[in-house]
Amino acid sequence: MKKTRFIPYGYTIREGRTVIEHTEAEIIREIFDEYIKGASLKEIAESLTQRKIPYTEKTDTWDKARIARIIDNAKYIGDEEYDPIIDEDTYEGAVSMKAARQRNTVQRECEGIALLRNRVKCADCGSPMVRRVSRCGEKEYAYFICGGNKSDK
């Protein structure tokens, strides 16, 4: 465990190479699992802090921002420098959930929509499609947009 983080939580450097720190990697998996199951950033942070799970040698205090940075960090699915800690579907599911929560569009969904979630990808960029629900008077409309876009079109 590092005093100060220069590499993402869940990794350490051994013999000049970035490798998975297995105890921290289990926490990363737990964070993603709990978030996808519906726990808020704050709830996850409070749970880790209460259980005194260390973030660095100096602190075992977690906050929403730390949890959000972990969920947003694509390095956890692996790249040239980092070995994967979670699979791509888990990462995309959490990122899609976070985007939907930020836009306050999370809604309980029918079984059919649940089957589509995280499987529908944008034909242009490959990002996961995000379900949106809007109202016009009494009618409700649901549609999917590219989760990689910064704004609705």
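Residues are numbered from 1 along each chain as its sequence is written. In this predicted model, local features need pLDDT of at least 70 and side-chain atom pairs pLDDT 80 or more, while totals for chains, interfaces and linings use all residues; side-chain values use heavy atoms, without hydrogens and water.

Student: What span should helix 1 have?
Tutor: Helices are DSSP runs of H or I, at least four residues, numbered from the N terminus. Helix 1 holds 16 residues, 22–37. The expected span is 1.5 Å times one less than the number of residues.

Student: Which residues of helix 1 are buried?
Tutor: Buried means under 20% relative accessible area, exposed over 50%, partly exposed in between (1.4 Å probe, protein chains only). The buried residues are Glu24, Ala25, Ile27, Ile28, Ile31, Phe32 and Tyr35.

Student: Why do the buried residues line one face of helix 1?
Tutor: An α-helix has 3.6 residues a turn, so residues three or four places apart point the same way. The arc is taken from the directions from the helix axis to the C-beta atoms. Seen down the axis of helix 1, the buried residues fall within an arc of 155°.

Student: Which exposed residues does the opposite face of helix 1 carry?
Tutor: This face is turned away from the buried side. Its exposed residues are His22, Thr23 and Lys37.

Student: Is Thr56 buried or exposed?
Tutor: Thr56 sits in the loop between helix 2 and helix 3. Its relative accessible area is 7%, so Thr56 is buried.

Conventions
Helix = DSSP H or I, 4+ residues; strand = E, 2+ residues; numbered from the N terminus.
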